[in-house]
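Me: Hi! I'm new to this one and would like a friendly walk through it. Here it is:

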Amino acid sequence: MLSFDRQSNKEFSRFLYIAIGSASEVKSMLYLAEPLKYITESERNIPLDKTNEVSKIIRGLIKSIN
């Protein structure tokens with residue numbers, strides 16, 4: 001499998017784990033933004049669903065290269 005400009009699949013896998021961490025940070029900010037009245041629950045749900053979907057895709061990619 002191609003490592004997408006990374007030197008190895010191990011390094012690419014590490015990069016993907018960092019991406020999952022970044023997605024988790026986005027989710028935590030979405031959960032924080034609602035009680036702080038920056039967004040409503042319905043405004044939070046769309047990006048939250050998309051972030052969850054991206055995380056699942058990244059996990060699948062990690063599984064496929066390991």
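Me: Which residues make the nonpolar surface patch?

Reply: Met29, Leu32, Leu36 and Tyr38 make it, and the patch covers about 470 Å². Patch members have over 30% relative accessible area and no salt bridge; like charges are joined within 9 Å, and nonpolar side chains (Val, Leu, Ile, Met, Phe, Trp, Tyr) within 5 Å. Accessible areas come from the Shrake-Rupley method with a 1.4 Å probe, and for residues only the protein chains shown count as cover.

Me: Before we go on, what kind of model is this?

Reply: This is a predicted model, where local features need pLDDT of at least 70 and side-chain atom pairs count only at pLDDT 80 or more, while totals for chains, interfaces and linings use all residues. Residues are numbered from 1 along each chain as its sequence is written, and side-chain values use heavy atoms, with hydrogens and water left out.

Me: Thanks! Is methionine 29 buried or exposed?

Reply: Methionine 29 is exposed, at a relative accessible area of 51%. The cut-offs are under 20% for buried and over 50% for exposed, with partly exposed in between (1.4 Å probe, protein chains only). Methionine 29 belongs to helix 1. Helices here are DSSP runs (H or I, at least four residues; strands are E, at least two), numbered from the N terminus.

Me: How many residues does helix 1 have?

Reply: Helix 1 has 25 residues, and from first C-alpha to last it reaches 36 Å, close to the 36 Å expected at 1.5 Å a residue. That expected span is 1.5 Å times one less than the number of residues.

Me: And which residues of helix 1 are buried?

Reply: They are Phe12, Ser13, Leu16, Ile20, Ala23, Lys27, Leu30 and Ala33. These buried residues pack against helix 2.

Me: Pick one for me. What does serine 13 touch?

Reply: Leaving out residues up to four places away in sequence, serine 13 touches Ile62, Ile65 and Asn66. A contact is heavy atoms within 4.5 Å. Serine 13 has a relative accessible area of 6%, so it counts as buried.

Me: Over to helix 2. Which of its residues are buried?

Reply: In helix 2, which runs over residues 41–65, the buried ones are Arg44, Leu48, Thr51, Ser55, Ile58, Ile62 and Ile65. Helix 1 (9–33) is included in what covers them.

Me: What does threonine 51 touch?

Reply: Threonine 51 touches Ala23, Val26, Lys27 and Leu30, again not counting residues up to four places away in sequence. A polar atom of the threonine 51 side chain also lies 2.7 Å from the backbone oxygen of proline 47. Threonine 51 is buried, with a relative accessible area of 11%.

Me: New topic: how many salt bridges does the structure hold?

Reply: The structure holds one. The side chains of glutamate 34 and arginine 44 meet there, at 2.4 Å from N to O. Glutamate 34 lies in the loop between helix 1 and helix 2 and arginine 44 in helix 2, so the pair ties together parts that are 10 residues apart in sequence. A salt bridge needs a side-chain nitrogen of Lys or Arg within 4 Å of a carboxyl oxygen of Asp or Glu.

Me: Are those two buried or exposed?

Reply: Glutamate 34 is partly exposed at 22% relative accessibility, whereas arginine 44 is buried at 10%.

Me: Last one: what is the phi of lysine 37?

Reply: Lysine 37 has a positive phi of about 70°, although it is not a glycine. Lysine 37 sits in the loop between helix 1 and helix 2, and at 72% relative accessibility it counts as exposed.

Terms used
Polar contact = N/O pair within 3.5 Å; in protein donor to acceptor, adjacent residues only side chain to side chain.
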